[in-house]
Amino acid sequence: MTGAGSGIGRVIAHRFIELGAYVVGIGRTADHLEETRRTSADPTMFEWITCNVRDQSQVSETITSIGEKGGLDLLVNCAGGQFIAPATAITPNGWRSVHELNLDAIFWTCSAAYPYLAHSGRGAIVNIVLSGVERGSMGMAHSVSARAGVVGLTRTLAQEWGPKRIRVNCVGPGLVITTKFQEYSDASVVDRIVIETPMGRPTEADEVAELIAYLSCDASVMITGQLLQIDGGASLSHGLHMLGDPVE
């Protein structure tokens, strides 16, 4: 899985280890990945590889090494990120960087994993996006457009790869208050989103992990090509807008 060094990715890795899975975590920072391993229920069930998922050649080499060593049953694409800015303030480099991380990298990992997932006969891919991508999110034009692309990619791969018994789904978390999220968000925005969420609270990272665990097991064998939103109904209400008001 990508993005295993922190935030939601670390929680997902820990949950799979608790369930008895052997997890290979991919991330940019060795110290963060080692912390995931050290704090897991069974450190012997986790290994890590540093990789820049924006780099197609690195991704191909990394996924190939994992597949050749022990096969591959599940790919979780959790690496992602963005900054908050009105569309008029997003530079070409900023746009490109966010799309490379949140869309291009997912295509690279899925493509590299395909032969190993097909060989397993029960392969699954879960791509983590955002809730409410179909309605937009003010302040995140770059991220929402990339994540919407992932939803389209997911549905396309589900159709093309279904005959190989590979299931491909998206999970769209609502507001998950991770350390990284707190670094680029405003407390007043967080408070507003919580108030406007029907369930009245943020989504917990361990709740996201449980949904992904379900999508990886035989109980979900007929679920593919779907976007499952775990957001307390936020996407039915005002949505995950990171700006309070429209910007001219």
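I began with R147, whose side chain makes a polar contact of 3.1 Å with the side chain of N102. I note at the outset that the model is predicted.

**Entry 1**

I located R147 in helix α5, which covers residues 141-161. Is R147 buried or exposed? I found that R147 is buried, yet has no salt bridge. I then looked for the nearest side chain of opposite charge and found D104, 12 Å away.

**Entry 2: helix α4**

I next checked the length of helix α4, residues 92-120. At 1.5 Å a residue, its 29 residues should span 42 Å, and I found the end C-alpha atoms 40 Å apart, which agrees. Where does α4 bend? I found a bend of about 50° at Y114, and a proline, P115, follows within four residues. After α4 comes G121, and I recorded its phi as positive, near 80°.

**Entry 3: salt bridges**

Side chains of opposite charge can pair when their charged atoms come close. How many salt bridges does a search of the whole structure find? I recorded 9, and I looked up several of them individually.

I found R15 paired with E18, the closest N and O atoms being 3.1 Å apart. The two residues are 3 apart in helix α1 (residues 7-18), so about one helical turn separates them. R15 counts as partly exposed because its relative accessibility is 23%.

I then looked up K69 and E47, whose side chains meet at 3.3 Å, N to O. K69 lies in helix α3 (residues 56-70) and E47 in strand β2 (residues 46-50), so this pair ties together parts that are 22 residues apart in sequence. With a relative accessibility of 65%, K69 counts as exposed.

My last pair was R54 and E100, which form a salt bridge at 4.0 Å, N to O. R54 lies in the loop between β2 and α3, whereas E100 belongs to helix α4, so the pair ties together parts that are 46 residues apart in sequence. I noted R54 as partly exposed, at 28% relative accessible area, and E100 as partly exposed, at 27%. Finally, I found that salt bridges with shared partners join R15, E18 and E210 into one network.

Key
Residues are numbered from 1 along each chain as its sequence is written. This is a predicted model: local features need pLDDT of at least 70, side-chain atom pairs count only at pLDDT 80 or more; totals for chains, interfaces and linings use all residues. Side-chain values use heavy atoms; hydrogens and water are left out. Buried means under 20% relative accessible area, exposed over 50%, partly exposed in between (1.4 Å probe, protein chains only). Lys and Arg count as positive and Asp and Glu as negative; His and the chain ends are not counted. A polar contact is a pair of N or O atoms within 3.5 Å; within protein, one must be able to donate a hydrogen and the other to accept it, and residues adjacent in sequence count only if both atoms are side-chain atoms. The expected span of a helix is 1.5 Å times one less than its number of residues. The bend at a residue is the angle between axes fitted to the seven residues ending there and the seven starting there.
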